[in-house]
Amino acid sequence: MKQQSFEQQHRQTWERIEQALAQRKQTESSILLADDYMLLCQHLALAKQRLYDITLIERLNSLALNVYRELYRYQRGSRFNFFSFLWRQFPLAIYRQRYFVLVATLLFLLPGLISGIWVYLDEFAIYSVMDTPQVRNVEQMYDPEARKLGRERESDTDVMMFGFYIMNNIGVAFRCFAGGLLAGIGTLLVLMFNGLHIGSVAGHLSRLEYFDTFYSFVITHGAFELTAIVFSGAAGLRLGYAVINPGPFNRISSLQIAARELIPLLYGIILMLTIAAFIEAFWSSSTVIPVSVKYTVGGLCWVLVLIYSFSGKRFESR
Amino acid sequence: MLDTTYRAEIPGGIELEAQVVGPLPRFLAFALDLMIRGVIMIVLSLAMIPFGLVGAGLWFLVFFLVEWFYPVLFEVFARGQTPGKKTLGISVVHDDLTPVTFGSSLVRNLLRVVDFLPLMYLLGLISMICNQRFQRLGDLAAGTLVISVKKTIKPRLLEEVKPLAPAVELNRHEQTAMVDFLHRSSQISAARKQELASILDGVTHAADEDKVLTLQRIGAWYLGVR
């Protein structure tokens, strides 16, 4: 068949598709597209096989590409079920990365413990981790004399700190994850540095015996924040491991498989850090709530978060 | 790297072609988006002045969202295009040319911080140059690429050319060449057309002014004009 008669024969179909694409907001157009799409694929295959001229092939190709992207586009609300995610997908993702979670926990805890004990025992050790203004700042924040917990205390300040915690903490978690791409080194540094920093602050404040002001402040949101940082570290390590040891895959496929596995974990980290920011801004900093209540609630949060984190195993298929 | 054509076999049983986009348009799109983000944040910081600390909190929140989720939300809900990409006529797709999902867009945009290292997207640029699809590290991990979605210009057909049956039957590739010559005639200068046509002097034996027309008529014959 000559090209011109081919074009004449099918021009109507192509114009119909072009119209449907132009008014793609309407739902019924997608049904029309699905039918015409198969025809279009046929036409493109024929045009290529018969070596019709390049402009026709290009036109059909770009038309087919547009219909294809339309048919496979993201459907609002159809893919993501929040409850199934919370109940099943997130714990399962944690379970599947359990070895990386373990390593991340150690990388975070050990420097924290070591520096904590060191700073607790040695009066001047804190100054090798932080400079003097920083140390003074931390001391002021948790000084029982001042009776002002955390950073500051009016409800306006709470809102501001909420915004700040979201920006800062989720940002740290994201960088911790992304750093894994550099063979895991970025993640390693973020985890160890944060462990070291938090450990020395805790050690220093324990030395000064600011127990109640400090620990009652950090215990509740720490349950979510510290765990989420460890999870983001695990995600980063998984990514780095995929780069270092691709196993039976080529390096890029291995990386893509790892990234796909980690998506539920990333959603979960964002969720946990949002909760943590809420608690840190509106609950932890409150001076009205008695310290004993804070310890009880905080302890409960830790137990719940830990139980939740270990709840993924039963969903693993054998 | 010179041939930017990317081919993907799709469930329709055919191979679709797309043109992958190199570093410069992508950088321009990014710069444009950066400007838009900057304007949003400046306008917001002015608007938040009356609200004091609450306003500051909101500002931090929006800053976080704009920093990390501006590209993600646009790529997922606006056909793979942030405003900057839309201006440049480029779009993010999966490597099977399907539109990006939330998950892959999140991955490619979170890993942006690594591509940025050590400064000004140097690592991303090196990665783009090192593979044929111009993928930065985030793209490699998410399995995405950036393609051109510019509208192709439809060729204007020449005014009526009478078809002419060639003296010998041409093979299919030669036929295609004839038809292409006819279609492109409007875009090629007269002198160049003469030059191209004279390659076939030994075959057409046409006079100078007729050379081009003869080839166009043969093209019209193979196009199916009768």
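Author: Two residues are in contact if their C-beta atoms, placed from the backbone, lie within 7 Å. This is a predicted model, in which local features need pLDDT of at least 70, side-chain atom pairs count only at pLDDT 80 or more, and totals for chains, interfaces and linings use all residues. Residues are numbered from 1 along each chain as its sequence is written, and chains are lettered from A in the order in which they are written.

Reader: How many residues does the contact take from chain A and from chain B?

Author: Chain A gives 48 residues and chain B gives 49 residues. Helices are DSSP runs (H or I, at least four residues), numbered from the N terminus. On the side of chain A that touches chain B, helix 7 of chain A supplies the largest share, 15 residues.

Reader: Which residues of helix 4 of chain B are buried?

Author: A residue is buried if 20 or more other C-beta atoms lie within 10 Å of its own, with C-beta atoms placed from the backbone. Among the buried residues of helix 4 of chain B are B:G103, B:R108 and B:L110. Eight of the nine residues of this helix (residues 102–110) are buried, so it is largely enclosed by the rest of the structure.

Reader: Which residues have the most contacts inside the largest nonpolar core?

Author: A nonpolar core is a set of buried Ala, Val, Leu, Ile, Met, Phe, Trp, Tyr and Cys residues joined through C-beta atoms within 7 Å. The largest has 105 residues, and A:A64 and A:A104 have the most contacts inside it. Leaving aside neighbours within four places in sequence, A:A64 is in contact with A:L40, A:C41, A:L44 and B:L16.

Definitions and conventions:
Helices (H or I, at least four residues) and strands (E, at least two) are DSSP runs, numbered from the N terminus. A residue is buried if 20 or more other C-beta atoms lie within 10 Å of its own, exposed if 12 or fewer, and partly exposed in between; C-beta atoms are placed from the backbone.
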